[in-house]
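Biologist: I am new to this structure and would like to go through it with you. Could you bring it up, please?

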Amino acid sequence: MKWIISWLFICVIALNIHAEDGHHLWLRKQAPKPVKIICKGNSPTLSIARQELLQGWMGVAGASVTLTVKRDKLIKGDGYKITPSEIQANTEWGILYGVYELLRRQQTGETVKEEISNPSYERRILNHWDNPNGTIERGYAGYSIFWRKGADSLAVTEKDKTLWQEYARANASIGINGTVLNNVNASPYVLTAGYLAKVKVIADILRPYGIKVYLSINFSSPAILGGLKTSDPFDTGVVNWWNAKIEEIYTLIPDFGGFLVKANSEGQPGPQDFGRTHADGANMLADALKPYNGIVMWRAFVYSPEEKDRAKQAYLEFMPFDGQFRDNVIIQVKNGPVDFQPREPFSPLFGAMKKTSVMAELQITQEYLGHSIHLVFLAPMWEECLQSDTYQEGQGSTVARCTDGSIYSQKHTAIAGVANIGLDANWCGHHFAQSNWYAFGRLAWNNHLKSEQIADEWIRLTFLPGQAKQKTISESDWQQHFYVPVKDMMLRSWEAAIDYMMPLGLHHIFAGGHHYGPGPWEAPKGVRPDWTPYYYHRADTLEVGFDRTRKGSDAVSQYHEPLATQFDDLASCPEIYLLWFHRLPWTHKMKSGRTLWDELCWHYEDGLHEVRDFQKTWDRAEPYVDAQRFTEVQSKLRRQYRDAQIWKDACLLYFQQHSRMPIPYDIERPVNDLEDLMKIRLGWSHHN
Ligand code: BDP
């Protein structure tokens, strides 16, 4: 009996090892072909490059590859030149990036001619909103991979080290070269000796993969940690405290990247507490970091309850300081002017700050896009933002070009993505959420990449025909029945989510706190008005929408012409931003000929139908994918459909109380009662 049990146990373990839990991301093992590597140098980074080639070569069997670190005028920063048999780069990291590119091309079947690839941004950074106790703000994939609660929070185990190495490899494979290890709502304690010792261990593991570590800091650290009476950036004691702290950090971590700062925002301390400005605060830290080549990423995410239009505030607060920041300060601006909503126009700060380095902050974690429950591929959203024309320096002044140094001579260029990574076996909580981590890295490397290309690569790297449930699958079958429909689903998924949550420019109508489900009925009662949906939709029996035209809050004027007029004028305002910029009667005639009310109803209906369609697409894909990932995604899609139905019913029934118009009869009737929907509080757990 005993031996049967142990035999069963061994079988279970063996099965588990082979179960496809998604941990390998887009880096899947296949039997490699033999390859000869010619490389003169020797270093930890070059050994990784060699090992990757040996373990992943899918090119011509027995081919030789030469790796050469040699300067070339056309190769910039950590860029590289590749041919099918050679990789040349200015730096070892460039070699590593070239190796990953070559292997990726072999895997996806894309050809390689001689070509040079240079990164769009010098710094391509993940922002982890991880707290020292291991929880993650807006994290939906389990606890932090860096920190944990309890007494052993500062301990480092072998398991941690392996995980950090896997993390470093995944990032390097898509060109990410920096990571902020803690939440922007920063605990001052990350700057204490115990935490810094752990940061050093992490930095040592990440270094060979070309990844620098950064920390978010709390502006009041000198008072809280140093016992000083103030944290005023003009106080000599405070300056000395930061100088000493920064020296301590660089003694441990000579290539430390710098600080990320959320100051005077949502209750965080900052220079304004002492009558100083953002520039005063940022420059004080920048001066202290300068001797070590460190940078300050100073966030522009600010708003206060007094401002009549939250969307205007970052611009109002930061524009007066254009040109006053040190050259090692970068202003980190969220893609939209409010806050990572399902869809926003780009922030008017992009391109407008001409004498200051500006970087975009994107959110990979799906705080406002269905957490790790909804399948939403975010590359199209980021592409829309990066390719938006600001017109600041004439046509073609896209957000991408205004931030990557092609238009303004920024000393440093960077882009950040708020990570969606946690301890879950598949890292991101949803197998398809991995595609957003992948997409961020690829766009940070090349801000002109198309979403379709990114989806294409990711699917081919992540779902190998050899892993499918059905054993014999021809390449053409896989293409037709898996690759094409799944790619199509990914590319439609963002627009679908907008449709069932907040179409036509509606925004921030989430239930308070969790930002998952609908709460359009929530109105200011003892809560800050700008933290309630009513502030954003302002629906009444006549109209709906936020008037940001010249007659309203005049947010349109923060955009450069011709955009200001285009957004202001109802005839030219894109309908995707309609209720963002305009307050309109329910009967307003849309381009389709429908009333605004009918159009709104149809968007909710279409969004819901899309999810139904995604379910079918995925069910049909069953033979072409392994059983575990199939079932897990299938179950998430079911939940997504149920919740999309709740979104539709909640928004239509709530807004109908105002519009007092019938839901078009061709649309499926709501299946929930508004009263019940209004009672749902949470239950929107982080995990499905
Ligand atoms: C908001 C999040 C909040 C973050 C904040 C930020 O709800 O948790 O701290 O953004 O970016 O969207 O600072």
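This is a predicted model: local features need pLDDT of at least 70, side-chain atom pairs count only at pLDDT 80 or more; totals for chains, interfaces and linings use all residues.

Biologist: Which domains is the chain divided into?

Modeller: The assignment gives domain 1 (31-117), domain 2 (123-462) and domain 3, which is made of 463-546 + 583-688.

Biologist: How many Å separate the centres of domain 2 and domain 3?

Modeller: Taken over C-alpha atoms, the centres of domain 2 and domain 3 are 29 Å apart. Domain 2 puts 45 residues into the contact, and domain 3 puts in 47 residues.

Biologist: What area do domain 2 and domain 3 bury between them?

Modeller: About 4200 Å² is buried between domain 2 and domain 3, and 62% of that is on carbon and sulfur atoms. On the domain 2 side, Ile373, Leu375 and Ile459 lose the most area to domain 3, and together they account for 17% of what that side buries.

Biologist: And how many salt bridges are there between domain 2 and domain 3?

Modeller: There are two salt bridges between domain 2 and domain 3. The count of residue pairs in polar contact between these domains is 22.

Biologist: Which elements give two or more residues to the side of domain 2 that touches domain 3?

Modeller: Those elements are α10 (379-386) and α13 (451-462). Helix α13 supplies the largest share of that side, with nine residues.

Biologist: Let us stay with α10. How many of its residues are buried?

Modeller: Seven of the eight residues of α10 are buried, which leaves the helix mostly covered. Among them are Met381, Trp382 and Cys385. The cover over the buried residues of α10 includes β12 (357-363), α12 (434-445), α13 and α14 (475-501).

Biologist: What about Thr462, is it buried or exposed?

Modeller: Thr462, which lies in helix α13, is buried, with a relative accessible area of 1%. Leaving aside neighbours within four places in sequence, Thr462 is in contact with Leu25, Trp26, Arg28, Gln434, Gln467 and Arg629.

Biologist: Changing topic, how many salt bridges does the structure hold?

Modeller: The structure holds 45 salt bridges. One of them joins the side chains of Arg207 and Asp255, at 2.8 Å from N to O. Arg207 is in the loop between α5 (193-206) and β8 (212-217) and Asp255 is in the loop between α7 (236-252) and β9 (258-261), so this pair ties together parts that are 48 residues apart in sequence.

Biologist: Which parts does the pair Lys411 and Asp327 tie together?

Modeller: The side chains of Lys411 and Asp327 meet in a salt bridge at 3.9 Å, N to O. Lys411 sits in the loop between α11 and β13, and Asp327 in the loop between α9 (313-318) and β11 (329-334), so the parts tied together are 84 residues apart in sequence. Lys411 is partly exposed at 48% relative accessible area, and Asp327 is partly exposed at 36%.

Biologist: And are Asp339 and Lys334 buried or exposed?

Modeller: Asp339 and Lys334 are both buried, and their side chains form a salt bridge at 2.8 Å, N to O. Elsewhere, a network of salt bridges links Glu101, Arg104, Arg105, Glu110 and Glu115.

Biologist: Lastly, how many disulfides does the structure hold?

Modeller: The structure holds zero disulfides.

Notes
Residues are numbered from 1 along each chain as its sequence is written. Side-chain values use heavy atoms; hydrogens and water are left out. A disulfide is a pair of cysteine sulfur atoms within 2.5 Å. Domain bounds come from an automatic or database domain assignment. Contact means heavy atoms within 4.5 Å. Buried area is the accessible area (1.4 Å probe) that two parts lose on being put together, summed over both. A salt bridge is a side-chain nitrogen of Lys or Arg within 4 Å of a carboxyl oxygen of Asp or Glu. A polar contact is a pair of N or O atoms within 3.5 Å; within protein, one must be able to donate a hydrogen and the other to accept it, and residues adjacent in sequence count only if both atoms are side-chain atoms. Helices (H or I, at least four residues) and strands (E, at least two) are DSSP runs, numbered from the N terminus. Buried means under 20% relative accessible area, exposed over 50%, partly exposed in between (1.4 Å probe, protein chains only).
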